[in-house]
Amino acid sequence: ATDIIPVKEALKLPAGSTVKVRGWAYRRRDLGDKAFIVVRDSTGIIQAVFTPDSPSHPDARKVTVESSLVVEGTLKDDPRAPGGKEIQGKKLEIVHLAENFPIRRDASREFLLEVRHLAVRSRKMTSVLKIRNTVFEALHEWFRANGYYEVQGPMFVSAAVEGGATLFPVKYVDGSTVYLTQSSQFYLEALIFSLEKVYTVAPSFRAEKSRTRRHLTEFWHAEAEVAWTNLEGIMKVEEELVAHIVRRVLEKNAEDLELLGRKTEILRNVEPPFPRLSYDKAIEILQGKGFKVSWGDDLGADEERALTEEFDRPFFLYGFPVQAKAFYHKNDPSRPEVTLSADLLAPEGYGEIIGGGERIEKLEELVEKIKSFGLNPRDYEWYLDLRRYGSVPHAGFGLGMDRLVTWIAGLEHIVDSLPFPRTVSRTYP
Ligand SMILES: NC(=O)C[C@H]([NH3+])C(=O)NS(=O)(=O)OC[C@H]1O[C@@H](n2cnc3c(N)ncnc32)[C@H](O)[C@@H]1O
Ligand SMILES: [Mg+2]
């Protein structure tokens, strides 16, 4: 009996080989009395043709798109077929005859989101998911190879990390109101007193009102925290990590990047050290480009997009004004109006993929900062405790995994970077 092999392996065999593959009918058409079925499995697609002399010909003509099946036959070279080979079908087992598959080639973007549970079968989505897999795998690989411990923070939390405006309140079992986590940062800061270098990969939740191509309401957030280090130290971690991830995708997903039509030259520039641009200089550049920005303003997607035009690789934007960053950022002692913060911006218009910096390690300074932001120190009691018992200089960052995948894969919209996106207007399927 012939063993079932992946489509990708079958395509490597010489003409005349007997092959057996299984998967789903990706395409289906009849040409005269020949029944053509393009079989898809997780490794690729291959065309099979059944002619009237094959006992399976009647079944082949019954096959509908997305029917699950097993096909056996002899390989023949055919430059017109995908992968340059075609199976001369001998045997066909229909595992399940699909009902009328609702996705057509001209399906709208909105419809494809509505039936995302079926649209994930597309070759584009399959390639994106393989790239996403490599991004997550490479991130864990780098952290593990560099002495970090993987830890987990809670998803139910009691206070905002990144401002109250994007908190999702949840009615807890005891009737109290808690929130979905915006960031595991504070919990990582607690854990460095045990493990010194920690990271986590978990969902974070933001009730973002803005409909943009880079905001989700639930996104995958890789965060790290490192004791004894500073802004420069954490930027070095970030650039080595991102360079490692991009290198791995270039190594392992060349075919996927090609299927997506992704030009990869710029990804080959992703080697440390990344350029560093001060916020001051960024404001000058933007004003020079005609943007109506003044020093102190936060920078939005348009401003970031304009800045990325100055670079052909990811770059750090550092030294944000105090009022443009969250309360926990440490003020620069030599210039108290700015923080020891840095965002990492991806080129080609993608903008911010990482936010991070040095944390305030002195109790009094942190209490003052919390109050100056109009927040109540009592809401941050346990976080303040971390400054009462052997406080240390420390820094960390948060990397948006979906944004990173969007940039590396060269996607139009962040919703295309993960299987089941959650946005302002979508929580289905
Ligand atoms: N441990 C830390 O220092 C992380 C810090 N508390 C934090 O949450 N920073 S951040 O708000 O800039 O978010 C970090 C990154 O998280 C991503 N991010 C942030 N918000 C979103 C939304 N809404 N959708 C998708 N991705 C998002 C984006 O890449 C940001 O650069
Ligand atoms: Mg940010």
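Glu337 is partly exposed, at 36% relative accessibility (partly exposed lies between buried, under 20% relative accessible area, and exposed, over 50%, with a 1.4 Å probe and protein chains only). Its side chain meets that of Arg335 in a salt bridge, 3.0 Å from N to O; the term means a side-chain nitrogen of Lys or Arg within 4 Å of a carboxyl oxygen of Asp or Glu. Arg335 is also partly exposed, with a relative accessible area of 29%. Salt bridges that share partners join Glu232, Lys236, Glu239 and Arg276 into one network.

Before we go on, this is a predicted model, where local features need pLDDT of at least 70 and side-chain atom pairs count only at pLDDT 80 or more, while totals for chains, interfaces and linings use all residues. Residues are numbered from 1 along each chain as its sequence is written, and side-chain values use heavy atoms, with hydrogens and water left out.

Let's look at that network. Arg276 and Glu232 form a salt bridge, with their closest N and O atoms 3.0 Å apart. Arg276 belongs to strand 12 (residues 276-278) and Glu232 to helix 7 (residues 231-252), so this pair ties together parts that are 44 residues apart in sequence. Helices (H or I, at least four residues) and strands (E, at least two) are DSSP runs, numbered from the N terminus.

Now compare another pair. The side chains of Arg80 and Asp78 meet in a salt bridge of 2.8 Å, N to O. Here Arg80 is exposed, with a relative accessible area of 73%, whereas Asp78 is buried, at 4%. The structure holds 38 salt bridges.

Methods
Chains are lettered from A and ligands numbered from 1 in the order in which they are written.
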